[in-house]
Amino acid sequence: ATLPLLNAHSAFVSDFQFSPFDDHVLATGSEDCSVKVWRIPEGGLKESLCNAQTSFAVERKVEAVRWHPAASNVLASCCSSTVKIWDVEHSAEKIALSGHGDTVASMSWQESGKLLATSCKDKKLRILDVRGNTTAAEVVGHAGVKEARVAWLGDRNEIVSTGFNQMRDRELALWDTRNFDKPLTKLSLGTSTGCILPFYDDDTGIIFLVGKGDCSIRFVEIADNKFSEGQAYSSTTQQKGACIVPKRALDVMSCEVARVMQLSQNTITPIGYFVPRK
């Protein structure tokens, strides 16, 4: 049988994210220079869907989309050197945050939604004050040529970034956004060509590290501003991406505390993390 499709864009879909307020609302961004918001029917797709609920046109290809964590119907997208904030309910652009020296590669909201962290191809990490439409802080993040990725640690005043050093080794860095001059600590992640995607789980305090093209998912914990790495999950297939499953879908009776969905060429593999019973 042919699976129903979301015929979303006329070019490569660069990013997508479900709304934290409505499981049936999906935002997509594409290289066709558009951001679209979709409503998935109850029970999932029964037939292919072509008409978006809302669509926004932008000047260049979309790199990422991120829903606001505390306000419904507020969506951020980055395109070229600009981050735009959209009012989805009224189909309107509200804020355009400029000041980046090159293409914005990734972004991550503080849990309260007051600040937004970005990584850029000009090698800088920035903290944006969204309401004030200003850059609150910026610093040169990683010395390597390849673009970095950033993740905010919940509602803490800390972010983590992944990137490459001058020796082309991959690295993970922890930053205090109130004292942004240098990282609190760094962790070397070895040599490989694929960038590492960081995913932070606020409940467990674990950072999952998914390297594009790798066959393993690593995780680290933070204690006293230092990284502590746990045993990695290894598979036999190269991964292309991942996401963290919402807590309400976990098997709590089996002490499952987190689940990562690993995307490879032909499969999506659920990887559960459990706390052993005494």
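Glu63 sits in strand S5, which spans residues 62-67. Strands here are DSSP runs of E, at least two residues long, and are numbered from the N terminus. The structure is a predicted model: local features need pLDDT of at least 70, side-chain atom pairs count only at pLDDT 80 or more, and totals for chains, interfaces and linings use all residues. Residues are numbered from 1 along each chain as its sequence is written, and side-chain values use heavy atoms, with hydrogens and water left out.

Glu63 is buried but has no salt bridge. Buried means under 20% relative accessible area, exposed means over 50%, and partly exposed lies in between (1.4 Å probe, protein chains only). A salt bridge places a side-chain nitrogen of Lys or Arg within 4 Å of a carboxyl oxygen of Asp or Glu. For Glu63, the nearest side chain of opposite charge is Lys61, 4.2 Å away. Lys and Arg count as positive, Asp and Glu as negative; His and the chain ends are not counted. Leaving out residues up to four places away in sequence, Glu63 touches Ser14, Asp15, Cys78, Thr103 and Val104. Contact requires heavy atoms within 4.5 Å.

Side chains of opposite charge can pair when their charged atoms come close. The whole structure holds 17 salt bridges. One of them joins Arg66 to Asp15, with the closest N and O atoms 2.7 Å apart. This pair links distant parts of the chain: Arg66 is in strand S5, Asp15 is in strand S1 (residues 13-18), and 51 residues separate them. Arg66 counts as partly exposed because its relative accessibility is 26%. Asp15 has 14% and so counts as buried.

Lys186 and Glu171 form another salt bridge, at 3.4 Å from N to O. Lys186 lies in strand S16 and Glu171 in strand S15, so the pair ties together parts 15 residues apart in sequence. Lys186, at 43% relative accessibility, counts as partly exposed. Glu171, at 8%, counts as buried. Salt bridges also link Asp122, Lys124, Arg126 and Glu138 in a network.

Lys121 and Glu147 meet in a salt bridge of 3.6 Å, N to O. Lys121 is in the loop between S10 and S11, whereas Glu147 is in the loop between strand S12 (134-140) and strand S13 (149-152); the two are 26 residues apart. Lys121 is partly exposed at 37% relative accessibility. Glu147 is partly exposed at 25%.

Both residues also line the largest cavity. A cavity is a set of points on a 1 Å grid over the protein atoms alone where a 1.4 Å probe fits but cannot get out; lining residues have an atom within 4 Å of a point. One cavity of 30 Å³ or more is found. The largest cavity has a volume of about 70 Å³. Its lining also includes Ser119, Cys120, His142 and Gly144. Strand S10 (115-120) and strand S11 (124-129) each supply at least two lining residues.

The largest nonpolar core has 14 residues. Such a core joins buried Ala, Val, Leu, Ile, Met, Phe, Trp, Tyr and Cys residues through side-chain atoms within 4.5 Å. Val160, Leu172, Ile207 and Phe227 touch the most other members. Strands S15 (169-176), S16 (185-191), S17 (196-201), S18 (206-211) and S19 (216-223) each supply at least two residues of this core. Beyond its neighbours within four places in sequence, Val160 contacts residues including Leu172, Ile207, Ile222 and Phe227.

Note on methods: Helix = DSSP H or I, 4+ residues; strand = E, 2+ residues; numbered from the N terminus. 1 Å grid on protein atoms, 1.4 Å probe; cavity = no way out; pocket = protein on both sides within 12 Å on 5 of 7 lines; lining within 4 Å. Points joined across faces, edges and corners; volume = space filled by probe spheres on them.
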